[in-house]
Amino acid sequence: MRKRFAIIGAGMSGMLAAIKLKQRGIEDFAIYEKAAGLGGTWRHNTYPGLCCDVPSHVYAYSFELKGDWTRRFSPGAEIQGYFEGVAAKYGLTKHFHFNSEIVRAEYRDRRWHLAVQDGTTDTVDFVIAATGVLHHPTYPDIVGLKDFEGPSFHSARWDHSVALEGKRVGIVGTGSTALQIVPAIVDSVAKVKLFQRTAQWVLPLANPAYSEEEKAMYVGKPERLRQSYDFWAQRFVDTFARAVVGDQNELQKIEDACRVNLEENVPDLKLRRKLTPNYRAACKRLIMSDTFYPAMQKPNAELLTDGIRRIEAAGVRTKDGMLHELDVLVLATGFDGHAFIRPMEVVGEGGRQLADAWAVANEAYRSVAVPGFHNFFMLVGPNSPIGNFSVIMISELQIDYILQLVDLVCDGKCHAVAPKAAASARFNAALREAMKGTVWVSGCKSWYLDRSGNPTLWPWSFDRFRAEMQKPDLEDFDLAA
Ligand code: NAP
């Protein structure tokens with residue numbers, strides 16, 4: 001019998017799911033997206049300096065590599081353009097339903113009944129939730145946040161109607177985002193004041209432009225592109241991915257490189273001390289930049305480390321009593337990385353609510369499915385290895401795994417599939433145990449940690465992830481007849 005699918009989210013992973021369905025000859029699906037267009041994070045983030053910190057040659061679908069990226073680490077707008085081009089090329093346009101937030105999904109009478117924000121409904125056999133991780137901006141709980149009289153916005157909601165040229169700009173936060181914004185604006189603003197709560201380790205990776213000769217080496221040369229993809233992927237696997245899950249040698253090499261970067265590139269001892277973290281490198285997401293330290297040493301840049309007491313009409317008052325007058329205030333304060341799928345209400349077998357299943361922690365079976373929620377799958381779900389590798393590579397492995405489960409239903413072997421509760425509990429217990437050996441729990445605060453202090457990442461090697469995603473172990477699944 002023909003099955004209908006709903007994909008929720010038109011970002012990188014939702015588009016991937018759509019392409020994979022089409023490649024299997026499945027056309028009966030809709031991609032629901034609450035925003036007005038595709039692209040997910042690359043649509044929402046448009047701040048100055050936005051770049052991907054995964055090399056361009058590996059930050060692309062493996063089946064749609066691109067030879068003419070302009071830089072080693074692509075600018076955000078170029079990545080958004082890539083996804084728009086892919087959507088057109090693979091015929092996704094007619095499947096998109098934009099401005100269509102799914103507010104409720106209920107499994108009833110063996111099908112998923114979806115309610116869209118605008119009042120319309122759909123009924124499908126499978127749901128693939130590709131709703132992203134870094135999606136809900138976090139606003140800081142700073143006293144007086146609303147009192148600031150000038151323009152103020154979150155980095156993921158950049159207000160391009162506000163010209164920064166010649167202005168005094170304050171930035172709260174020192175994550176990957178803030179550290180890209182500072183070098184991008186420092187030369188055009190009158191003053192940039194960076195309010196730092198925690199210093200960051202910075203790996204000095206350059207982002208050179210590809211010359212026309214270099215691009216010509218790859219354009220129209222799929223084998224070369226594939227070699228470059230494999231090269232960058234393997235580099236991540238051999239270095240960073242090992243370091244974060246317990247390879248002390250690799251971790252030390254990364255930390256040493258960051259320390260040398262700081263010592264060689266920040267001669268002023270007072271500034272260097274302020275920029276020196278007091279936790280292990282890669283405990284938070286490592287910053288890749290060779291422009292941040294030079295930017296912070298420009299005469300119009302200032303690093304404030306006294307902590308923010310409150311925000312006032314004219315600017316930010318730090319705990320030392322100083323008022324830092326500003327024209328524009330940018331909140332580069334990150335995202336709630338734990339609101340997977342929500343606020344959508346998901347109701348599974350027997351009225352079981354996903355919100356209840358996840359009341360304590362977001363637990364999934366191998367990141368892709370949850371017991372009691374038949375024919376409901378996730379891409380980049382809880383504990384996906386997003387801190388370690390290109391998230392596109394992760395999603396590709398996950399969708400191939402999910403579609404093997406879907407095939408069981410489409411081939412008539414069962415009418416629905418979900419992981420067994422015991423298998424999921426076993427998986428999550430092993431996960432928690434393995435987490436103890438990772439750098440993420442070595443004593444820093446980061447968006448990786450959930451309310452209980454557990455990282456929602458993958459604590460093992462990439463090879464293990466790839467091996468686990470090769471083929472579902474059907475013993476672990478409830479195949480409903
Ligand atoms: P983030 O890493 O979570 O950083 C948020 C920053 O805001 C932190 O420095 C945090 O300080 C600060 N902050 C939060 N609340 C605060 C408060 N009340 N007072 C003062 N400071 C406060 O967020 P992000 O920079 O947007 O990056 C999030 C993730 O997005 C990254 O880790 C990365 O995975 C991804 N990303 C990637 C790229 C890239 O590819 N290059 C670029 C941007 C983002 P504390 O550290 O003290 O908590």
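Reader: In which sense do β1 and strand β2 pair, and over how many bridges? Please stay with that part of the structure and then show me what surrounds it.

Author: Please keep in mind throughout that this is a predicted model. Strand β1, which covers residues 5-8, pairs with strand β2, residues 29-32, in the parallel sense, and four bridges join the two. Within this pairing, phenylalanine 5 stands opposite phenylalanine 29 in β2. To get from β1 to β2 the chain passes through helix α1, residues 12-23, and this β-α-β crossover is right-handed.

Now look at the side chains of β1 itself. In a regular strand, side chains alternate between the two faces of the sheet. In β1, Phe5 and Ile7 point one way while Ala6 and Ile8 point the other way, and all of them are buried.

In soluble globular proteins, nonpolar side chains tend to be buried together. The largest nonpolar core in this model has 154 residues, and the members that touch the most others are Tyr61, Phe83, Trp112, Ile171 and Ile341. Helix α12 supplies the largest share of this core, namely 13 residues. Because domain 1 (5-38 + 92-136 + 336-480) and domain 2 (152-208 + 247-331) both give residues to this core, the core lies between them. There is also a second, separate core of 11 residues, with Phe148, Phe195, Ile311 and Leu329 among them.

Helix α12, residues 391-410, also leads us to a loop that deserves a careful look, for the loop between β21 (376-378) and α12 contains valine 380. The phi of valine 380 is near 55°, which is a positive value in a residue other than glycine, and valine 380 is buried, with a relative accessible area of 6%. Asparagine 383 is found in the loop between β21 and α12 too, and its phi, near 65°, is again a positive value in a residue other than glycine. With a relative accessibility of 5%, asparagine 383 counts as buried.

Notes
Residues are numbered from 1 along each chain as its sequence is written. This is a predicted model: local features need pLDDT of at least 70, side-chain atom pairs count only at pLDDT 80 or more; totals for chains, interfaces and linings use all residues. Side-chain values use heavy atoms; hydrogens and water are left out. Buried means under 20% relative accessible area, exposed over 50%, partly exposed in between (1.4 Å probe, protein chains only). Two strands pair if DSSP finds at least two bridges between them. A crossover is right-handed if, with the strands pointing away from the viewer, the path from the first strand over the helix to the second runs clockwise. A nonpolar core is a set of buried Ala, Val, Leu, Ile, Met, Phe, Trp, Tyr and Cys residues joined through side-chain atoms within 4.5 Å. Domain bounds come from an automatic or database domain assignment.
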